Amino acid sequence: TNLGYPGNASSATVVGSGQVVSSGGLIGPTGATGATGAAGAAGATGSAGSTGTTGSVGATGATGLTGPTGATGATGSTGTAGPTGASGPTGATGDVGPAGATGSAGATGATGSAGANGTEGVDAFTTTTASYTQPASGSDVTVSVGSTSWMAAGQVLFVTTGGFYTVSSITNSTTVVLTNFGYTGNASSGTVVASSKIVSAGGLIGPTGAAGAVGAAGAAGATGATGATGAAGATGTVGATGAAGATGATGATGSAGTNGTNGTNGTNGTNGVDAFTTTTANYTQPASGSNVTVSVGSTSWMAAGQVLFVTTGGFYTVSSITDSTTVVLTNLGYTGNASSGTVVASSKTVSAGGLIGPTGAAGAVGATGAAGAAGATGATGAAGATGTVGATGAAGATGATGSAGTNGTNGTNGVDAFTTTTASYTQPASGSNVTVSVGSTSWMAAGQVLFVTTGGFYTVSSITNSTTVVLTNLGYTGNASSGTVVASSKTASAGGLIGPTGAAGATGSAGPTGTTGSVPQGYTSMTGITTGLANSTRYFAVNQYGSDNANESAADSPAPADITLTGIICGMNNAPGSGKSRTFTVRDNAADTSMTCTVSDTAKACSLFPASGLSITAGHMIDWQAQTTGSPAATDVTCVMYFHI
């Protein structure tokens, strides 16, 4: 399905054969609304309005300064009669007849002899093999991992519970030095990031969006006369109940299947192709938008138009491929790329990269100032740019062929980094788990993000055995709704987390003097964080980092305006444990609301995005309430509420 992102080919463009297909991620959510501009000068007194014309109810005009009283408008004509009521419901369908008996299964054919083992592939992700302490933003930390073979200096990585980093240097095959990006959502400095956390490819935050346009001054005008209310339409008659359907006849018993033929011997697995390479000679960095010819180990995995990352050089697109070891690259000129004229040395890693996310949309037009002494409200700042989609991790390198043994045994088969479902399953609620039967779990890891066709994005909660995995529904936009049956034979492959929210846009300039206009609406969020949450009913603030409290009034803060909550997400670093749970609820003036979600057993997150929002009045005291069942382990918690004004 075409997501229609900026930079996608236009509709009806022919995409040629032989183009590279690799995993990607969703564009991050829109950045927060910028601050309100300064007040404008006082507006002039509006002139008296003319008498409104008769007709349908006109929109209420903006309030001007008190002027001369206009003449009374004529009474509007009577509205037309309302539409006829809908027909009554259709009668119930008759019972379905019983199913016929299933035919007996045919005998299983003899198993074919196993094919020769293919060479082993290299995973494009790994896990930490020891805990480490989170450094300050911009500082380095040495991390022990399972393998650094797929990494490159300057690459962006994401570590579960740690956050986003860049590769400063690679010490050896199991040790890497990472620089903390300090993004919102990264673990705070001094936090201990435990062993066995997933390390995968990440992406940079996108650039700040442009400032919003200045709001126009509203003209003063008289209020139009109100038209008369139309008469109510007549109620429709109730439809007759449908007759019950006849019972279906019993199906005939199927005949026994014939014996299956013996399977043929499996063919040898083909060797995987590296999805990265290295430069084999120096080259001089061209100007932004200009080309350079680069000698590499292999171009077999590249394609024209593909985005590449070269260590110390930066991000490029493939302009053309000259031959199997020569490629022409175009310098994208991103921030962090080497400056024009810099010599990029030989033996630098060349891997797949990603484009910077599109610039955020211009902010909404600012509200016009109130009449009289108060000046017009400045234009709302532009929304921050959406974060860039994380770069696709480089494909694992092909394992080296072992030396010939005495008996010349074949190498082990490479493991596919995808599989298919072998039975249907029912989509759980967002943040809840479901057990799924698959062809193989050998390439999966707890905490890994997966994508299942027609189901959506999940995290691996636990792996039961070689063909059974427990998945947690991430509840992303586009995921199948709760209760949907996801059919068998759907592809399950590696997925990615939604990128971080872009930075807030700059404040717009003050608008000109004018009469009072309408207040624009925008979406935003508030984040509450607490550490070491205990096993009792506790409360914590909706928009700050701090400690939880047994006294709710200590966590209260007033709603900034009349707001509508549209959804909530809560996450923690320690799962509650088997048979235990934590429930998080938004409170409004010391009363529970419908905005609540529960994290149970081995899950670490929950969310709720209902079809209709929850209204909260300006000045009402709001906070988060946390309750437990059982005695879950102490944990740090981050809860985000999304709302619009």
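Two strands count as paired when DSSP finds at least two bridges between them. Keep that in mind as you look through these close-ups of a predicted model.

**View 1. Strands β13 and β14 lie side by side in the antiparallel sense.** Here you can follow β13 along residues 314–323 and β14 along residues 326–331. Six bridges join these two strands. To find your way, look for S320, which stands opposite V328 in β14.

**View 2. An open sheet of six strands surrounds that pair.** Reading across the sheet, the order is β9-β16-β12-β13-β14-β11, and the pairing is antiparallel. At the edges stand β9 (276–278) and β11 (291–295); each has a single partner strand, so one side of each is left without a neighbour in the sheet. On average, neighbouring strands of this sheet are turned by 40 degrees against each other, direction ignored.

**View 3. Another open sheet is built from six strands with antiparallel pairing.** Its order is β17-β24-β20-β21-β22-β19. Which strands sit at the edges? They are β17 (418–420) and β19 (433–437), and each of them pairs on one side only. Neighbouring strands in this sheet are turned by an average of 40 degrees against each other, direction ignored.

**View 4. Edge strand β19 meets its partner β22.** Strand β22 covers residues 468–473. How many bridges link β19 and β22? There are five, and the two strands pair in the antiparallel sense. A handy landmark is V436, which stands opposite V469 in β22. As a reminder for both sheets, strands of a sheet pair through backbone hydrogen bonds, either parallel or antiparallel.

How values were computed
Residues are numbered from 1 along each chain as its sequence is written. This is a predicted model: local features need pLDDT of at least 70, side-chain atom pairs count only at pLDDT 80 or more; totals for chains, interfaces and linings use all residues. Side-chain values use heavy atoms; hydrogens and water are left out. Helices (H or I, at least four residues) and strands (E, at least two) are DSSP runs, numbered from the N terminus. Axes are lines fitted to C-alpha atoms, for helices over the stretch in contact, and angles run from 0 to 180 degrees between N-to-C directions.
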